[in-house]
Amino acid sequence: MSGNRPLVSIIVPSYNQGRFIRRTLESILSQDYRPLEVIVIDGASTDETVSILQEFSSHPELQWVSEPDRGVVEAVNKGFARARGEIGGIQSSDDFYLPGAIRAGVEALQADPALAFVFGDVAKVDAEGRELSRTQLAPFSLERVLAMDNCWIPQPSTFFRMERARALGGWREEVPYAADTDLWLRMALDAPARKLDRLLAQRSMHEAQRDTQGARIARDYGRMLEDLMPRLDASGRGRLARAGKLLMTARYDPPRGEWARVALRWRTLCACPKLARRYPLPSLVPGGNALRSALSHGARRLGLR
């Protein structure tokens with residue numbers, strides 16, 4: 001603590017992201033909030049990462065290690081073990097904070113001691129840093145997250161109470177491609193969270209990022225929900241969670257073939273009928289969307305619309 005200002009620990013798991021990590025570290029160290037510590041856990045990168053980290057070695061707020069590990073989950077948990085802060089963030093070595101992000105996160109958490117975590121909007125950028133799009137996420141609710149209703153919790157823009165994360169064991173090895181969401185949901189089942197109406201971070205979109213591993217993301221998201229299902233059922237959210245598992249499959253690992261995709265939509269509706277508004281009737285019939293498009297095109301040619 002510095003006066004009444006809590007120490008913030010930013011954990012940066014890293015592996016072969018040398019073309020991005022300098023900008024990542026600069027985006028953290030240039031923040032207008034102190035006290036701050038930055039913990040880089042590198043998995044023995046073979047590119048220029050280590051030489052860049054060596055350039056930062058004299059910075060008193062940054063510590064780093066480069067050694068073989070089992071992947072990002074172990075790296076993040078090593079960071080938890082080293083962190084001394086009251087408030088934490090986990091920033092990927094190819095993502096970046098925007099100015100004022102850490103201060104905004106800390107102020108929101110200090111304003112409401114009940115909150116487990118807060119998060120904000122993110123901008124997607126390409127490998128050269130050019131902005132592609134921005135999120136405008138809905139206010140947080142666990143129901144919205146489970147229903148994938150314009151509400152998800154971006155790791156690059158999330159700040160959390162370190163004590164709660166440690167009490168839950170940090171990231172779980174069983175769900176490596178959904179480990180961040182898994183921790184956020186376990187925290188949200190115990191305490192409230194809040195979405196800040198502010199753009200806090202940039203998220204890089206490039207060929208080597210984990211988001212390209214759709215089948216693994218869908219698999220681990222499903223495992224996560226199955227593990228949480230007893231608590232979700234007890235809180236009345238089980239049906240929505242089962243539908244959410246199918247929604248994630250449809251997004252990240254959709255089945256091939258129109259009949260299979262329609263069947264997946266029906267399974268989703270059976271799991272949670274209140275999601276019916278999401279599916280226009282033609283989308284629930286094989287070939288329905290194509291027929292609707294053909295009829296609409298024909299009507300325009302005939303001047304009927």
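This briefing describes selected local features of the structure above, grouped by topic.

The model is predicted, and local features are reported only at pLDDT of at least 70, side-chain atom pairs only at pLDDT 80 or more, whereas totals for chains, interfaces and linings use all residues. Residues are numbered from 1 along each chain as its sequence is written, and side-chain values use heavy atoms, with hydrogens and water left out. Helices (DSSP runs of H or I, at least four residues) and strands (runs of E, at least two) are numbered from the N terminus.

**Aromatic residues**

- Rings of Phe, Tyr and Trp (for Trp, the six-membered ring) are paired if their centres lie within 6.5 Å, and their planes count as stacked under 30 degrees, edge-to-face over 60 and tilted for the rest; by this rule the count comes to 7 aromatic pairs.
- Phe117 and Trp184 form a tilted pair, 5.7 Å from centre to centre with 45° between the planes, and this pair links distant parts of the chain, since Phe117 belongs to strand β6 (residues 117–125) and Trp184 to helix α7 (residues 179–188), 67 residues apart.
- Trp184 also forms a tilted pair with Phe160, at 5.6 Å centre to centre and 50° between the planes; because Phe160 lies in strand β8 and Trp184 in helix α7, the pair ties together parts that are 24 residues apart in sequence.
- Phe117 and Trp184 are both buried, where buried means under 20% relative accessible area, exposed over 50% and partly exposed in between, with a 1.4 Å probe and protein chains only; Phe160 is buried as well.
- One aromatic cluster is formed by Phe80, Phe117, Phe119, Phe140, Phe160 and Trp184.

**Packing of α9 and α10**

- The axes of helix α9 (residues 238–252) and helix α10 (residues 258–271) come within 8 Å and cross at roughly 165°, which makes α9 roughly antiparallel to α10.
- Axes here are lines fitted to C-alpha atoms, for helices over the stretch in contact, with angles running from 0 to 180 degrees between N-to-C directions; angles under 35 degrees count as roughly parallel, over 145 as roughly antiparallel, 65 to 115 as roughly perpendicular and the rest as oblique.
- On the α9 side, Arg239, Arg242, Ala243, Leu246, Leu247, Thr249 and Ala250 meet Leu264, Arg267, Thr268, Cys270 and Ala271 of α10, contact meaning heavy atoms within 4.5 Å.

**The loop between β1 and α1**

- Tyr15 is placed in the loop between β1 (8–14) and α1 (18–29), and with 46% relative accessibility Tyr15 counts as partly exposed.
- Apart from neighbours within four places in sequence, Tyr15 is in contact with Asp42, Gly43, Ala44, Ser45 and Ser93, while the C-alpha atoms of Tyr15 and Val40, 25 residues apart along the chain, are separated by 10 Å.
- Asn16, in the loop between β1 and α1, has a positive phi of about 55° although it is not a glycine, and counts as partly exposed at 28% relative accessibility.

**Other loop positions**

- Asn150, in the loop between α5 (142–146) and β8 (158–161), likewise is not a glycine but has a positive phi, of about 50°, and is partly exposed at 44% relative accessibility.
- The peptide bond from Arg34 to Pro35 is cis, with omega near 10°, and Pro35 lies in the loop between α1 and β2 (36–42).
- Glu61, in the loop between α2 (49–55) and β3 (62–66), is buried with a relative accessible area of 19%, and, not counting residues up to four places away in sequence, Glu61 touches Leu29, Arg34, Leu36, Glu37 and Val38.
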